[in-house]
Amino acid sequence: MNTTVRYANTRPAVAAGDAMTLPANFYTDPELFKRELRAVHYDMWLHAGRTEQLPEAGSYFLVRFAGVNVIVLRGQDGEISAFNNTCRHRGTLLCQEHEGKIAGGRIRCPYHAWTYELDGKLVGAPNMEKVEGFRMEDYPLGSVATATWDGHVFINLSANPIPFEQHLAGLDQKFARWGMADLKRVERRVYHAKANWKLIFQNYSECLHCPIAHPLLNKHSHYMSGDNEPPQPTYLGGRMDLRPGVTSLTMSGQSNRAPLPGLSEEDARHVYYYALLPNFLLNLHPDYMLTFQLWPIAVDRTDIVCEWHFHPDAIAKPDFDPSGAIEFWELTNQQDWDLSDRAQEGISNFGYQPGPYSNREELLFGLDRWVQEKLARLD
């Protein structure tokens with residue numbers, strides 16, 4: 001039986017002059033980068049981690065990027081909250097390790113022993129008894145908004161964040177059947193890209209480079225398969241199809257793991273690639289979840305945290321072996337980061353000029369317009 005599937009470029013045509021890449025300064029100018037941080041990352045909901053990283057009261061992890069350092073913790077009441085990692089006395093860093101458990105259930109400054117409850121309340125301030133008008137209730141830790149979605153933890157640095165439901169924009173219903181809260185992290189890897197954060201998003205949001213850069217990925221999932229949603233105010237995304245006979249994106253294209261509970265036969269034939277702006281990439285596979293956090297460090301530096309998550313029933317089996325999925329994406333990731341680094345170098349070249357997008361790069365053009373609109377609101 002002939003199982004060949006043919007794909008065609010059926011998306012609407014565009015005129016070459018109507019969809020052009022951004023000028024170089026959007027990727028190279030440190031001052032523009034600072035404006036982007038204020039317009040985007042300091043204003044929007046950011047993926048911070050997973051609820052499983054906070055198993056009990058006092059458990060915490062840090063979020064650190066581009067001048068930001070936030071403690072995300074589980075309080076005595078079991079709720080997740082977040083605070084600026086800065087003592088209210090003289091600004092000393094409170095927690096130094098990336099993650100752990102707060103000793104004694106109280107956050108104690110190592111400099112002058114100002115002490116805070118897990119809810120941020122100041123309960124100890126030595127040598128302040130003769131400061132007239134000083135009240136401990138006036139100096140809690142700086143609070144940072146938090147929200148959770150199906151096992152994911154988000155923070156928002158804005159004083160007036162948009163409702164989290166508005167940020168999700170229906171993705172919670174769209175992906176509910178994957179049961180992401182039940183999945184457990186098996187592997188975590190951190191990469192340091194020498195590229196602007198937008199270049200990582202752009203690379204993620206198209207697969208025209210896949211036959212050249214990702215021959216194994218293209219072998220398992222045709223680069224012209226699937227389709228994209230129209231760009232949305234808070235996310236970009238679409239799906240691709242597995243080729244006939246392929247059951248998962250692993251080195252072999254096969255998996256002995258069952259599809260995740262709740263998925264239909266149709267779901268098990270697709271991989272969903274969604275970028276929840278501005279820092280979360282979500283890959284939903286038939287049998288596992290892959291996530292990426294993008295943390296802008298400088299105009300030409302981005303740290304990327306990649307994690308592989310599997311269902312506990314699969315993990316519990318004696319023949320559980322995630323290496324095929326891990327090795328597949330380690331290979332693909334390294335290929336992508338190399339391309340992003342090379343894009344940064346090329347755009348930084350004196351001779352760079354904006355060029356035309358393909359009609360199949362509509363998500364990239366949508367990202368460009370979105371960034372420009374966010375910047376315009378600062379003016």
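Does C109 count as buried or exposed, and at what relative accessibility?

A: C109 counts as buried, because its relative accessibility is 2%, and buried means under 20% relative accessible area, with exposed over 50% and partly exposed in between (1.4 Å probe, protein chains only). The model is predicted, so local features need pLDDT of at least 70 and side-chain atom pairs count only at pLDDT 80 or more, while totals for chains, interfaces and linings use all residues. Residues are numbered from 1 along each chain as its sequence is written, and side-chain values use heavy atoms, with hydrogens and water left out.

C109 sits in the loop between strand 6 (106–108) and strand 7 (115–117). Helices (H or I, at least four residues) and strands (E, at least two) are DSSP runs numbered from the N terminus. Leaving aside residues up to four places away in sequence, C109 touches C87, T92, L94 and W114; a contact means heavy atoms within 4.5 Å. R64 lies 45 residues from C109 along the chain, and the C-alpha atoms of the two are separated by 18 Å.

The loop between strand 6 and strand 7 also holds A113. A113 has a positive phi of about 65° although it is not a glycine, and at 17% relative accessibility A113 counts as buried. A66 lies in the loop between strand 2 (59–65) and strand 3 (68–74) and is buried, with a relative accessible area of 17%. Another backbone feature is the peptide bond from L277 to P278, which is cis with omega near 5°. P278 is in the loop between strand 14 and strand 15.

Now the chain around these loops. The protein chain has ten helices and 17 strands. Its radius of gyration is 23 Å, close to the 21 Å that the globule rule gives for 379 residues, so the chain is as compact as a globular protein of that length. The radius is taken over C-alpha atoms, and the rule is 2.2 Å times the number of residues to the power 0.38. Along the principal axes, the C-alpha trace spans about 85 × 55 × 30 Å. Buried residues make up 51% of the 379 residues. Of the contacts with a separation of 6 or more, 67% are between residues 24 or more positions apart.

The structure holds one cavity of 30 Å³ or more, and about 440 Å³ of space lies in the largest cavity. On a 1 Å grid over the protein atoms alone, a cavity is a set of points where a 1.4 Å probe fits but cannot get out; a pocket is an open set with protein on both sides within 12 Å along at least five of seven lines; lining residues have an atom within 4 Å of a point. Grid points are joined across faces, edges and corners, and a volume is the space filled by probe spheres set on the points. The largest cavity is lined by 34 residues, and the closest to its centre are Y204, S205, E206, C207 and M240. Elements that give two or more residues to this lining include helix 5 (197–204), strand 13 (235–241) and helix 9 (323–347). The lining divides into 16 nonpolar, twelve polar and six charged residues, where Ala, Val, Leu, Ile, Met, Phe, Trp, Tyr, Cys and Pro count as nonpolar, Asp, Glu, Lys and Arg as charged, and the others, Gly among them, as polar.

About 450 Å³ of space lies in the largest pocket. It has 20 lining residues, with Q202, E206, A343, E361 and L364 closest to its centre. Helix 9 gives the most to this lining, with four residues. The second largest pocket holds about 340 Å³ of space. Of its 18 lining residues, the closest to the centre are P233, T234, W370, K374 and R377. Here helix 10 supplies the largest share, five residues. W370 and K374 are among the buried residues of helix 10. That helix (residues 362–376) has 15 residues and reaches 21 Å from its first C-alpha to its last, close to the 21 Å expected at 1.5 Å a residue; the expected span is 1.5 Å times one less than the number of residues.
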